[in-house]
Amino acid sequence: MQNSGSFDPTTLANPHWFSSGHNDSLYVEAYELALVPAVIPRKIFRFDEIVVLIKTAKLDYLEMAGVKIKFGKERQVEMSAEHRISTSEFSPKLITIQPHRSDRPDEVGELADRSTEYVSLLVSTNYRNIACRRLFTHIVGRGNSSMVAAGSLIRLPFDLPAPDLTQEALGRFPKCHGEIEKRSPNQKQKITLSLHWHLKGIQSDGLDSFLSLWIALETLAMTSTNIADLNSALAAVYNITRESASAEFGVGRIFGLRSQIVHNGIRKRISTDLTDYMECLYADLLVYELLGDPLGRARSLLSSKKIDIGQLTS
C-alpha cells in the first residue's frame with residue numbers, strides 16, 4: 001500500500017495491539033479536511049481501541065475502477081472490478097486506525113461502527129469540514145497488504161464553516177469522550193447510538209439525511225415521543241423558557257414533517273438548509289449534555305442564513 005514518501009499507518013499503532021499476538025492487521029479510514037491551510041500541525045488522539053490522527057500526508061491507496069455488477073438467474077449478485085493504486089495529494093487528512101484480526105472478517109462491521117462513532121464525535125464537537133470527504137477504508141496488513149471496503153459521498157464544503165483547529169476547539173473532542181465513558185451503560189448506549197445516526201445523516205442527503213438526523217436528535221434528547229423533551233433540552237442550552245425554545249427553534253415543525261413522511265408517506269424535497277440546521281441542533285445538545293458548554297450553533301445558523309423553519313417544513 002505505501003510507496004516512498006507516503007504515510008504508513010502501522011507506525012501509529014498502539015504498541016499493545018500486536019503484543020498479544022491476536023491482531024495482525026489494521027483497519028484504517030481516511031478523510032480529507034476542507035477549508036484549512038495546506039499544511040497543518042500534526043494532532044494525535046490515542047484511545048485504547050482506536051487512534052485518531054489529523055495531519056498533512058500523502059496517501060497511496062488501492063481502489064476499484066470499472067465496477068461491473070451482474071444479476072444471475074438464481075437472484076445472486078456478482079461484482080467484478082479492476083484495481084489500481086491511486087495517490088492522494090499531500091494535504092490535510094483525518095485518519096482513524098484500529099487493530100484487526102485477518103481471521104475475523106466478521107468484526108469489520110464492528111470496526112466500521114467504532115470509526116463512525118469517533119468521527120461523528122469529532123465532527124459534532126468541531127465542524128463537518130474536519131471530515132469533509134472519505135477517501136477510503138482499508139485493511140492494512142503488517143506487510144502493507146490492503147483492500148478497499150467502502151466508497152465515499154462528496155458535497156461541496158463552501159456553504160459550511162471551516163474546521164476550528166484551535167486547541168480549545170479540538171480539546172472538546174477528548175473531553176466529550178471522557179464524559180461519555182463516565183455515564184451509566186444505558187446513557188452511554190443512547191449517546192453512542194445517536195452518534196451513529198448523526199454521522200449517517202451528514203454523510204447522506206435529502207430524505208435519508210433528514211430522517212437519520214431526526215433519529216439522532218430523538219435518541220440523544222428524548223425519553224418518550226413527547227416533543228417537550230427536546231424543547232426542554234434546548235431551553236437549558238440557551239437559558240430560556242421551554243415556550244421560548246419551542247417558538248425560536250421550531251423542533252415541533254420538524255417533528256410534524258417527520259410524522260408526515262413516516263406515517264403518511266408524504267414525499268418532500270428536503271433542503272440542505274434544514275439538515276444543516278438539524279446538525280447544529282444536535283451539536284448544541286450533545287456538547288451541552290456532556291460538557292455544559294452552550295455552542296449556540298442553531299441560533300447562529302438561523303440568524304446568518306435567515307432560515308424560516310416553517311417554510312422549510314411546510
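A nonpolar core is a set of buried Ala, Val, Leu, Ile, Met, Phe, Trp, Tyr and Cys residues joined through side-chain atoms within 4.5 Å. In this predicted model, the largest such core has 61 residues. A second, separate core has 18 residues. The largest pocket holds about 280 Å³ of space.

**Nonpolar cores**
- Within the largest core, the residues that touch the most other members are Ile-54, Leu-94, Phe-249, Ile-254, Tyr-277 and Leu-281.
- Helix H9 contributes nine residues to this core, the most of any element.
- The second core includes Phe-7, Tyr-61, Ile-97 and Phe-136.
- Leaving aside residues up to four places away in sequence, Ile-54 has contacts that include Leu-33, Phe-45, Leu-94, Leu-122, Ile-130 and Leu-170.

**Strand E3 and its partners**
- Strand E3 (residues 51-57) is largely enclosed by the rest of the structure, because seven of its seven residues are buried.
- One side of E3 carries Val-51, Leu-53, Lys-55 and Ala-57, the other Val-52, Ile-54 and Thr-56, and all are buried.
- Strand E2 (residues 43-46) runs antiparallel to E3 and is joined to E3 by four bridges, with Arg-46 opposite Val-51.
- Four residues lie between E2 and E3 in the hairpin they form.
- Seven bridges pair E3 with strand E6 (residues 91-100), also in the antiparallel sense; Ala-57 has Ser-91 as its bridge partner in E6.

**Largest pocket**
- The pocket of about 280 Å³ is lined by 19 residues, of which Tyr-127, Pro-161, Cys-280, Arg-297 and Leu-301 are the closest to its centre.
- Helices H2 (108-125), H9 (272-291) and H10 (297-304) are the elements that each give two or more residues to the lining.
- By type, the lining comprises seven nonpolar, six polar and six charged residues.

Technical notes
Residues numbered from 1 in each chain as written. Predicted model: local features only at pLDDT ≥ 70, side-chain atom pairs only at ≥ 80, totals over all residues. Heavy atoms only, no water. 1 Å grid on protein atoms, 1.4 Å probe; cavity = no way out; pocket = protein on both sides within 12 Å on 5 of 7 lines; lining within 4 Å. Points joined across faces, edges and corners; volume = space filled by probe spheres on them. Nonpolar A, V, L, I, M, F, W, Y, C, P; charged D, E, K, R; others polar. Buried < 20%, exposed > 50% of the residue type's maximum accessible area, 1.4 Å probe, protein only. Contact = heavy atoms within 4.5 Å. Pairing = 2+ DSSP bridges.
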